[in-house]
Amino acid sequence: MSPSLLLHPPGQLSPAAAYYISRQAPAVLQGSPSTVSSSPLSALFSEKESPELWLKYENMLLSCLRTENDQAAHLFLERLVTRFGDDNERIMAFKGLLKEAVARQNGDQVRILNEYDQILSENDTNIPITKRRISLLRSMGRVSDAASSLVQLLEFSPTDAEAWSELSDIYLSQGLYAQAIYAVEEVLVLAPNAWNIHARLGEMQYMAANATGASSGSYQKYMAEALKRFARSIELCDDYLRGYYGLKLVTNKLLQDSNKSNKQVDDDEFALPDVGTIERLNELSTAKLSEIVRHSTAQDRGWRGYDPVEVAAARELLSSDAAAIER
Amino acid sequence: MTGISKALTAFGSLLLAHACYSAHEHSALQTLKAATLSLTSTASQTTATTLPADIAIETVIATLVVLLGLVLSTQPLRPIQWRVWAGKIERQGEEGFVDNNGEVIKEYIGNPFQIFENRPGFVDIRKQRMEFAEWVKSSAGAEQ
C-alpha cells in the first residue's frame, strides 16, 4: 500500500485498509513532528510545515477512531489542538467526534447533543458542528429532526454539495424518492462533472421507477431519466463500470417491457428512445462490461483499478443475462 | 526508461564539454599562432578564423543528445480530456498516476467527487465502529 493512502479521505477505505492504517499510528506519531514552530529561525532547521501533515493527522484520527484505537486518536487530536487551537471550528467537530465515538449509553449522546446546541447558541454559523449535530441526530434514530436541521443548514448555505448529498441519503433511507432525487440534482448543479453522482442519480431513478406504488407514467419518466443519467456518466468517464452496469440494468428492463406491451406514454420531455436505440445501448453495455470483467479478472496491466466486488456483481449480471437468453 | 534517459543526458553533457574544450583549445592555438606569426613577420594578419566543422557538428549533436535525454526523462503526459482522465482513474486506479520512479504522484486523490458519497463531515462514527467490530469478528471466525 502506498503512502498516499494517508492523504485520502478515509471514508472509502475497507475495514482491512483502515486497520492497516490504524496499526501505522505509532510509526506516524514518532516519525512526524508533534508541533511545528512558526518562528522563522526554527523553520530553518526543522522540517517544513506542509498541509499534507495535518491532512495526514486528520485521516489517521478518523481511521484510529474507526478501529477503536482511541489512545492514538487522542494523541492525534492533541497535536491538532496544539496547532490550531481549541476554538477552531474544524477541531471542535473532531473533538465532538471523539466524544461521540466513546459514548456508550443514550444519555451520553444526549449530553453531547446538548453540548453541540450550546456551541451553536454562541455561534450558529459553525458549519462543522452543525454537521456533527445532524449526523448525531441521525445516528440516534431521530431522522426527521436530522432532515429538518439539514434543510435549515441548506437554507443559509445552499452551495454545500456535501450537505445536499447527505439530505438525499436521508430521504432515500426513508423511501422518499422524489425528494432524494431533487437533492441529488442539486449536487449535480454544484458539481456537473461528477460522474459518480450522475450514476448515483441514475440508480435512484431506477429504484424510484421500480418501487411499489409508482404509476406507469412516472415509471416511464423515471426509467427514461435513469437511462439518460447512466449515459451521461459514461460520457464523462470512459470504461465506467458503475455506469455501464446501470445502463445494462435499465435497458434490460426496458427491453423486457417492450416485449410485453407496446404502450408508450406520449410525453415529449421524458420520451424513451426507440427500441432499436435501446437494443444498441444494451449491446454496447454488454460488450463493455464483459471487456472490463475479462481484463480485470485476468489482472491485466492498466485494468486493476476496479473494485473486485463491483467486478463480481457485473459478472453475475452478465451470467444471469446469458442464462435468460438460453432459456 | 530512466536509465536510458540518464545515460543519454550524461553522454550528451560529456560530448558538449568535449566540444567546448576543443573550441577553447582551438582558439588558444590560433592566438598562439598569430602571436608567433606577428613576431616573425611584420605583416599584420587577421586572426579571425572560423571554428573547424567537426567541432561545430559535435556541439550540435551533443545539444540534440542532451535534449533527447531530458525529453525522455519527463513524466508521462496526463490526459487532458475529462472522460479519458476520469476513465483512467476508474480503470487503473493509482497505478495510472505514477512518476518515473514508479511512485504514486502526490496529487493523486482518486475520484475527487467521491467525497459527495462518503461525506466525511457527516461521518457516523458509531456505526463505523460497529461495522469494524463485526468485520473483526467475521475475519476471526474465518481464520478458525
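B:Leu64 sits in helix α2 of chain B, which covers residues 53-72. Keep in mind that this is a predicted model. With a relative accessible area of 53%, B:Leu64 is exposed, because the cut-off for that class is over 50%.

Now to chain A and its helix α12, residues 195-210. How far apart are the end C-alpha atoms of this helix? They lie 23 Å apart, and this agrees with the 22 Å that 16 residues should span at 1.5 Å a residue.

Helix α12 of chain A is mostly covered, with twelve of its 16 residues buried. Among them are A:Trp195, A:Ile197, A:Leu201, A:Met204 and A:Tyr206, along with A:Asn196, A:His198 and A:Gln205. What do the buried residues of this helix pack against? In chain A, the partners are α10 (161-173), α11 (177-190), α13 (216-236) and α14 (241-260).

Finally, the cysteines: the structure holds zero disulfides over all chains. A:Cys64 is buried, because its relative accessible area of 0% is under 20%. B:Cys20, by contrast, counts as partly exposed at 49%.

| Residue | Relative accessible area | Class |
|---|---|---|
| A:Cys64 | 0% | buried |
| B:Cys20 | 49% | partly exposed |
| B:Leu64 | 53% | exposed |

Key:
Residues numbered from 1 in each chain as written. Chains lettered and ligands numbered in written order. Predicted model: local features only at pLDDT ≥ 70, side-chain atom pairs only at ≥ 80, totals over all residues. Heavy atoms only, no water. Disulfide = S-S within 2.5 Å. Buried < 20%, exposed > 50% of the residue type's maximum accessible area, 1.4 Å probe, protein only. Helix = DSSP H or I, 4+ residues; strand = E, 2+ residues; numbered from the N terminus. Expected span 1.5 Å × (residues − 1). Contact = heavy atoms within 4.5 Å.
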